[in-house]
Amino acid sequence: MKTLYRQFTVATLFILAISILIGFTIANIFYVSITKEETIRQNVAIAEEIVSTVESIPYSEESFNSYMQAVAKLGYQIALADSSGNMQFFGEPFDDITFPEPANRVLTENETYTGVDNLTDKIFMIGHFTNELHNTVGVPFERDGERYGLFIRPDTKLVSTDIHSVLIGFVAAIALVSIIGMIFMARQLTRPIVQLTEATKHIARENYSYPLDIRRNDEIGQLSESFNLMQKQLQHNDLARKSFISNVSHDFQSPLMNIQGYADLLKSPNLAEQDRLAYTAIIDEEAKRLSSLTRQLLLLTSLDQGAYPMKVKEFQLDEQLRSAVRKYRWRLEEEDINLSYQLAPTRFHGDPELLDNVWDNLLTNAIKYNKSRGSIEITLQSDETGTIVAFKDSGLGIPKDALPQLFDRFYRVDAARKKDSTGLGLSIVHQIVSLHHGTIRVNSKEDEGSEFILHFPHP
Ligand code: ADP
C-alpha cells in the first residue's frame with residue numbers, strides 16, 4: 001500500500017530537489033547576465049593596474065618577481081607569457097597550464113583576453129571556478145622592449161573564505177531541518193488518520209464506544225469531532241432500533257396472546273351467552289388494535305425510508321378539518337366532550353391524505369386523554385409567517401419530564417392509561433409535519449390540559 005506518510009515524504013523530497021534545481025538555474029541566469037561581466041571587468045581592471053605599475057616603474061628582475069609574488073599573495077594566480085612561448089607562474093599553481101589558442105592574440109595583436117567568456121564546456125557558473133590557465137583574463141604589456149602577456153585569475157582557495165563555509169553550513173542546516181520537520185509533520189498528520197481508521201473498524205463491528213481522543217484545532221480536529229458525533233448518533237440509533245424491535249415484538253405479542261386465550265375459552269361448550277359476547281368483544285378489540293398497529297408501522301416505515309409518494313396539491317384545509325371532526329361526532333357525544341372550532345377559510349399546499357393522519361391522531365388523542373365532560377378547541381388561522389393549526393383540550397395533561405420524549409416511537413406517558421394506545425401516533429404526526437416543513441409546539445399542564453400548536457410556513 002502507498003501510505004500517506006510515504007507519499008508525503010517522497011513529495012517533500014521531490015519538492016526540495018526541484019527547488020534546489022530551480023534555485024541553481026536562477027543563480028546561473030543571474031551570474032551569466034550580471035555577475036560574470038562585472039567580474040571579468042574587475043579582473044581586467046586589476047590586470048591593467050598591475051601592468052601600468054610594472055610599465056611605469058623600472059623594476060629590476062628581482063624586484064619585478066617580488067612585486068608579482070606580492071600581488072599573488074593578495075589572492076591571484078598569475079601567469080606571465082613572453083612572445084617566445086616561455087611561461088612564468090606566481091601564486092597557487094594552475095591545474096592545467098595549456099596555453100589557450102585565443103590567448104596568443106594578447107601577444108600578437110595587443111588584445112585583451114577574457115577566458116571566462118569562452119568556458120562553454122562547463123556547466124554554467126561552475127566553469128567560473130575551474131583552476132585552469134584558459135580561465136583567466138590576459139592583458140599585454142612591454143618590458144625592456146619585450147612583449148608579454150599577463151594572465152591572472154582570483155585564487156578561489158583564497159576567495160572561498162569563512163563566509164562561504166558559513167553559507168554552506170546555513171544551507172545544509174536548512175535542508176536538514178526541513179527534512180526532519182517534514183518527517184515530524186507527516187507523522188503528526190497521519191497518526192490521527194490511523195486512529196480514525198481503527199475507530200471506523202470498531203464501528204463496523206457495532207462497537208460504538210471506541211474512544212477517539214484527537215484534540216486538534218484544525219480540519220482533522222473537526223473531522224474527529226464529527227466522527228464522535230456520528231458515533232454517538234449511531235449508538236443512539238442502534239439503541240432506538242433495538243428498543244423498537246423489542247417494543248414491536250411486545251406490542252404484537254400481548255394482543256395475540258389475548259386473542260389466543262379468549263379464542264380457547266370460546267371453545268368451551270357450556271359458555272354463558274353473556275361471557276361469549278364479552279370474549280368476542282375482547283378478540284374484536286385486540287384484532288383492531290393489531291390492525292391499527294400494523295397500519296401505523298407501515299406508514300412510519302414508508303415515511304422513514306422516504307418511500308412514501310407525496311401527493312402534494314392545493315386544497316381547503318378548513319374543510320378537511322371540519323370533515324375530520326365530523327368523523328368523530330359519535331365518539332364525542334359518547335364521551336360527552338364539547339368540541340368547538342374556529343376555522344378561517346385557508347388554501348393549503350400539501351398532501352391531504354398524509355395530513356388527514358395528523359388531524360386524526362391529534363383529535364383521537366384529545367378525546368382519549370380528555371376528562372368526561374371535557375372540551376376540545378380547534379383553531380385554524382394564517383399570518384404572514386404561515387398557517388397555524390392548534391388542538392387544545394381540557395384533558396389529563398402531560399407531565400413536564402415526559403415532554404422531551406413525547407414524539408419518540410412507542411413512548412406512552414402511562415402505558416396503562418388506555419388500551420387502544422400504541423405510542424406511535426405522535427411520531428407519525430411529527431414525521432408528516434416535518435415533511436411539510438412545519439414545526440410542532442406543545443403546551444401542557446397536568447390535570448389542566450394540553451395544546452398542540454402546528455406551524456406550517458407558506459410555500
Ligand atoms: P398513543 O396515543 O397511541 O399512545 P401517541 O404517540 O399519540 O400514542 O401519544 C403518546 C403519548 O402521549 C400517549 O400515550 C399519551 O400518554 C400522551 N398524549 C398524547 N396526546 C395527549 C393529550 N392530548 N393529552 C394528554 N396526553 C397525551
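Visitor: Leaving aside its neighbours within four places in sequence, which residues is serine 450 in contact with?
Guide: Happy to start there, with the reminder that this is a predicted model. Serine 450 is found in strand β12, residues 449-457. Setting aside neighbours within four places in sequence, its contacts are Phe391, Lys392, Asp393, Gly397, Ile398, Asn443 and Ser444.

Visitor: Does serine 450 count as buried or exposed, and what is its relative accessibility?
Guide: Buried means under 20% relative accessible area, and exposed means over 50%. Serine 450 counts as buried because its relative accessibility is 6%.

Visitor: Is lysine 400 buried or exposed, and at what relative accessible area?
Guide: Lysine 400 sits in the loop between β10 (386-393) and α11 (425-435). A residue needs over 50% relative accessible area to be called exposed. Lysine 400 is therefore exposed, its value being 75%.

Visitor: Which backbone oxygen does the side chain of threonine 294 reach?
Guide: Threonine 294 lies in helix α7, which covers residues 273-304. With a relative accessible area of 33%, threonine 294 is partly exposed. At 2.4 Å, its side chain reaches the backbone oxygen of leucine 290.

Visitor: How many Å apart in space are threonine 294 and valine 248?
Guide: In sequence, threonine 294 and valine 248 are 46 residues apart. From C-alpha to C-alpha, their distance in space is 9.6 Å.

Visitor: Turning to the whole protein, how many helices and strands are there, and what is the radius of gyration?
Guide: The protein has eleven helices and twelve strands. For 459 residues the globule rule gives 23 Å, and the protein's value is well over that, so it is more spread out than a compact globule. The radius of gyration is 50 Å.

Visitor: How far apart do the centres of the positive and negative side chains lie?
Guide: The protein carries 45 positive and 60 negative side chains. The centres of these two sets lie apart by 14 Å.

Key. Residues numbered from 1 in each chain as written. Predicted model: local features only at pLDDT ≥ 70, side-chain atom pairs only at ≥ 80, totals over all residues. Heavy atoms only, no water. Helix = DSSP H or I, 4+ residues; strand = E, 2+ residues; numbered from the N terminus. Rg over C-alpha atoms; globule rule 2.2 N^0.38 Å. Lys, Arg positive; Asp, Glu negative; His and termini not counted. Charge placed at Lys NZ, Arg CZ, Asp CG, Glu CD. Buried < 20%, exposed > 50% of the residue type's maximum accessible area, 1.4 Å probe, protein only. Polar contact = N/O pair within 3.5 Å; in protein donor to acceptor, adjacent residues only side chain to side chain. Contact = heavy atoms within 4.5 Å.
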